Amino acid sequence: MIDRVDVRFLKKPEEVGLRNPVMIEGLPGIGHVGKLVADHLVKVLEVEKVVEIYSHHFPPQVMVDEKGVIKIPNNEVYAYRGDGNTPDLLILVGDYQSISNEGHFELANAYIMIAKEFGVSRIYTLGGYGVGKLIDEPYVIGAVNSESLIGELSNVGVKFENGEPAGGIIGAAGLIIGLAMLENIPAACLMGTTSGYMVDPKSAKVVLETLMKLLNLSVSVEDLEERAKEMEKLIAQIKEMQEAQTVQFKSDEDLRYFR
């Protein structure tokens, strides 16, 4: 019987042996920006899966692979051991957020519990900030649970804009830094600006580059760059279609003048 939130430690935190790790959350959201970054880190770093999270708050379905074998929805936490210059990391990844408001709080509390068990010293949540239009040069907007973090983030190019993000931060990215404040864990949300219309690897690349500066981490961004180039081609096609529609509309308006 799976609990409403079932956290399964594959190894005890003391067996994993991380030293004051930094936790990174990258679950699905606007533009899948945070998810792209976290998945990329898991792919390119030497990591070890240490936690699995199952919940009744995930979608009521199972996934089926190409062989016909099912997988129960779950999120996962991976551990990375730094080299001395780079901190140890806990990376929260997955394909799901809660389908209910109550579930968002229960899952976020579970993530904070995991952070405390591993002695996390700081948390970065990652996401996208939808601006409702196509943008050529994405940048990172920040939100923090302690004013003391603003200077450090500003020094690596994170922008803090009055009243932004308007309406607050919905889901895990916001709740985690809020609950972390109650536990006296410094935390920040890094949001890449994005149209919000599609998966956005270009915005994810900017967020990853910012995160690397904060963590003194160096990883390849080649995969994200390739996906970003593909997205730019798609955007160019969309713009051409929009321009063609505008020309056609004006032409139709001109013809009406003679009717």
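Trainee: How many bridges join strand S9 to strand S10?
Mentor: This is a predicted model, in which local features need pLDDT of at least 70, side-chain atom pairs count only at pLDDT 80 or more, and totals for chains, interfaces and linings use all residues. Residues are numbered from 1 along each chain as its sequence is written, and side-chain values use heavy atoms, leaving out hydrogens and water. Two strands pair if DSSP finds at least two bridges between them. S9 and S10 (residues 187-194) run antiparallel, and the number of bridges joining them is 5.

Trainee: Which residue in S10 stands opposite Val-144?
Mentor: Val-144 falls within S9, which covers residues 140-144. Its opposite residue in S10 is Ala-188.

Trainee: How many of the 5 residues of S9 are buried?
Mentor: Buried means under 20% relative accessible area, exposed means over 50%, and partly exposed lies in between (1.4 Å probe, protein chains only). S9 is mostly covered, and its buried residues number 4.

Trainee: How many helices and strands does the chain have?
Mentor: Both are DSSP runs numbered from the N terminus: helices are H or I with at least four residues, and strands are E with at least two. Counted this way, the chain has 7 helices and 10 strands.

Trainee: Which residue in S3 is the bridge partner of Val-7?
Mentor: Strand S1 (residues 5-9) and strand S3 (residues 47-55) run antiparallel and are joined by 5 bridges. In S3, the partner of Val-7 is Ile-53.

Trainee: Which residue in S6 stands opposite Ile-53?
Mentor: S3 also pairs with strand S6 (residues 75-80), in the antiparallel sense, over 6 bridges. In S6, the residue opposite Ile-53 is Asn-75.

Trainee: What span does helix H2 reach from its first C-alpha to its last?
Mentor: The expected span of a helix is 1.5 Å times one less than its number of residues. H2 (residues 33-44) has 12 residues, for which 16 Å is expected. The model comes close to that, with a span of 17 Å.

Trainee: How many of the 12 residues of H2 are buried?
Mentor: The buried residues include Val-33, Leu-36, His-40 and Leu-41. H2 is mostly covered, and its buried count is 9.

Trainee: Why does His-32 count as partly exposed?
Mentor: His-32 lies in the loop between strand S2 (22-25) and H2. This residue has a positive phi of about 50° although it is not a glycine. It counts as partly exposed because its relative accessibility is 29%.

Trainee: Is Asn-184 buried or exposed?
Mentor: Asn-184 sits in the loop between helix H5 (172-182) and S10. Its phi, near 60°, is a positive value in a residue other than glycine. At 70% relative accessibility, Asn-184 counts as exposed.

Trainee: How many of the 15 residues of helix H6 are buried?
Mentor: H6 (residues 201-215) reaches 20 Å, close to the 21 Å expected. Its buried residues include Pro-201, Lys-202, Leu-208 and Leu-215. H6 is mostly covered, with a buried count of 12.

Trainee: What percentage of the 259 residues of the chain count as buried?
Mentor: The C-alpha trace spans about 80 × 50 × 35 Å along its principal axes. Across the 259 residues, the buried share is 47%.

Trainee: Among contacts between residues at least 6 apart in sequence, what percentage join residues at least 24 apart?
Mentor: Contact means heavy atoms within 4.5 Å. For the chain, the share is 78%.
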